[in-house]
Each structure stands twice: as C-alpha cells, then as structure tokens.
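Hi there,

Here is the structure I promised to pass on to you. Have a look at it first, and then read my notes below.

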Amino acid sequence: MLLRALAATGIAAASLTASPASAGTLPTPPDKIVIDVATVNGSGCPAGTAAVAVSADNTAFTVTYSSYLAQVGVGSKPTDFRKNCQLSLVVHVPQGFTYAIASADYRGFAHLEKGASGTQRANYYFQGQAQTAYQNHRFNGPTDDNWQATDVVDVAALVYAPCGEQRNFNINTELRVSAGTSDTSHTTSFMTMDSTDGDINTVYHMAWKHCP
C-alpha cells in the first residue's frame with residue numbers, strides 16, 4: 001500500500017483533520033472494532049511504551065508512544081541519532097467488511113540547532129505483501145516547536161485487506177536527526193514522536209468497504 005506524502009516542509013503545531021479518503025463517503029462497520037498488538041520491536045518503542053486505541057466511530061486508530069526520541073550532541077549516545085519502531089497489529093474486522101489505511105498523521109516535538117535536520121519516515125503493508133517504499137518528511141533547524149507530517153492515499157488507490165483472511169497490518173516508523181553543520185560539542189538537537197500526557201500521538205485514518 002503506497003502512501004504519497006503531503007508537503008511537510010515546515011515545523012508548526014496543527015490540529016488533526018479527517019483525510020479526504022475517509023471523510024464520510026465510505027461505509028463504516030456498526031460493530032466496534034478491536035485492534036491487538038501482535039508484536040512491537042525497535043529502539044523507539046521499548047516494551048510497554050507504545051499503546052493503541054480505536055476511535056469511537058471506527059474511522060481511525062491512534063498509536064501513542066512514551067519513549068520515541070532521536071538526538072545528537074551533548075548527552076547523546078552514538079546510536080541515538082536514529083530510532084525506529086516496528087508494529088504488527090491484528091485488526092479484528094466485523095463480518096462483511098474490510099479496511100484500508102487512507103492516511104496517517106504524525107506529530108511530535110523538535111529542537112533542531114542551526115545546521116541540523118530531522119527526518120520522520122514510515123511505510124505500511126499487510127502481512128504477506130511486499131514492503132512499500134518509505135515516505136520521508138524532512139525538517140530543518142533552527143527550530144524549537146511542534147511538528148506534524150501527513151501521508152495520504154487517493155480513494156482510487158486504496159489497498160484493502162483481503163476479505164475473509166486475517167492479515168496483520170505492519171507499520172514501520174523511524175526518526176533520524178543529523179547534526180549537519182551544528183556544533184555537537186556544545187549543543188543538542190532532538191526530535192520526538194512521543195507523549196507523556198497522551199496529547200501527542202499518531203493517527204491512522206481507516207477506509208472501509210463491504211466484502212462481496
């Protein structure tokens with residue numbers, strides 16, 4: 001399932017909105033869906049630091065991280081410049097329905113010194129399918145602010161889970177911080193995709209259709 005990236009050239013706080021692909025034109029199952037985390041691996045999501053919740057209207061689910069931080073400079077380790085997380089989710093789909101991921105909203109906070117940069121990237125695929133290319137969003141310093149990036153797919157290009165089959169949905173995300181020309185002996189640049197209060201999370205908007 002190849003998502004195309006929306007523009008994300010600046011760093012700014014922004015509210016989340018429904019994607020065009022999921023906005024009221026497709027059926028939504030009446031029964032509550034349940035999503036279980038099959039596996040979670042990666043330096044950005046140690047055990048117990050990633051949680052999944054489903055929206056009340058079955059149109060989206062959120063992933064909240066509490067320890068997703070990439071950094072370079074004072075106080076960082078050589079491996080801290082890159083953090084990643086691999087989630088494998090079991091989506092219990094109501095009978096007669098199947099789903100696709102229509103868009104994904106990512107948010108976090110970035111402190112990037114002049115000359116430094118940060119990158120958020122992700123890809124998505126169903127179990128048994130080839131992995132898609134990563135979609136990348138780059139942010140440049142200097143900045144000290146919230147950031148947001150969105151990946152979206154057109155309705156005509158949605159890839160749905162096979163009807164009548166249980167296929168895990170896999171999400172790979174990554175944060176990278178590059179020192180560039182910044183002075184890492186006196187400064188620290190970092191980028192987070194975490195939250196201690198639940199206000200910062202990743203939102204995946206779902207599109208539904210009836211199975212034949």
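**Salt bridges and disulfides**

Lysine 83 and aspartate 80 form a salt bridge, with 3.8 Å between the closest N and O atoms. Lysine 83 counts as buried because its relative accessibility is 14%, and aspartate 80 is buried too, with a relative accessible area of 11%. Please keep in mind that this is a predicted model.

How many salt bridges does a search of the whole structure find? The search gives 5. One of them links arginine 82 with glutamate 174, where the closest N and O atoms are 3.3 Å apart. Arginine 82 sits in strand 6 and glutamate 174 in strand 11, so this pair ties together parts that are 92 residues apart in sequence. Are these two residues buried or partly exposed? Arginine 82 is partly exposed at 30% relative accessibility, whereas glutamate 174 is buried at 2%.

Another salt bridge is the one between the side chains of arginine 167 and glutamate 165, at 2.9 Å from N to O. Arginine 167 is partly exposed, at 25% relative accessibility, and glutamate 165 is partly exposed with a relative accessible area of 44%. There is also a network: Arg82, Arg121, Glu174 and Arg176 are joined into one by salt bridges that share partners.

Now for the disulfides. The whole structure has 2 of them. In one, cysteine 45 is joined to cysteine 85, with an S to S distance of 2.1 Å. This link is right-handed, with 100° about the S-S bond. What does the pair tie together? Cysteine 45 is in the loop between strand 2 (34-41) and strand 3 (50-54), and cysteine 85 is in strand 6 (residues 82-92), so the bond connects parts 40 residues apart in sequence. Cysteine 45 is buried at 1% relative accessibility, and cysteine 85 is buried at 1% as well.

The other disulfide is formed by cysteine 163 and cysteine 211, whose sulfur atoms are 2.1 Å apart. Here the angle about the S-S bond is -95°, and the link is left-handed. Cysteine 163 lies in the loop between strand 10 (143-152) and strand 11 (169-178), while cysteine 211 lies in the segment after strand 13 (202-210), so the pair ties together parts that are 48 residues apart in sequence. Cysteine 163 is partly exposed, at 33% relative accessible area.

If you number the bonded cysteines of the chain in sequence order, the pairing reads 1-2, 3-4.

Happy exploring!

Key:
Residues numbered from 1 in each chain as written. Predicted model: local features only at pLDDT ≥ 70, side-chain atom pairs only at ≥ 80, totals over all residues. Heavy atoms only, no water. Disulfide = S-S within 2.5 Å. Helix = DSSP H or I, 4+ residues; strand = E, 2+ residues; numbered from the N terminus. Buried < 20%, exposed > 50% of the residue type's maximum accessible area, 1.4 Å probe, protein only. Salt bridge = Lys/Arg side-chain N within 4 Å of Asp/Glu carboxyl O.
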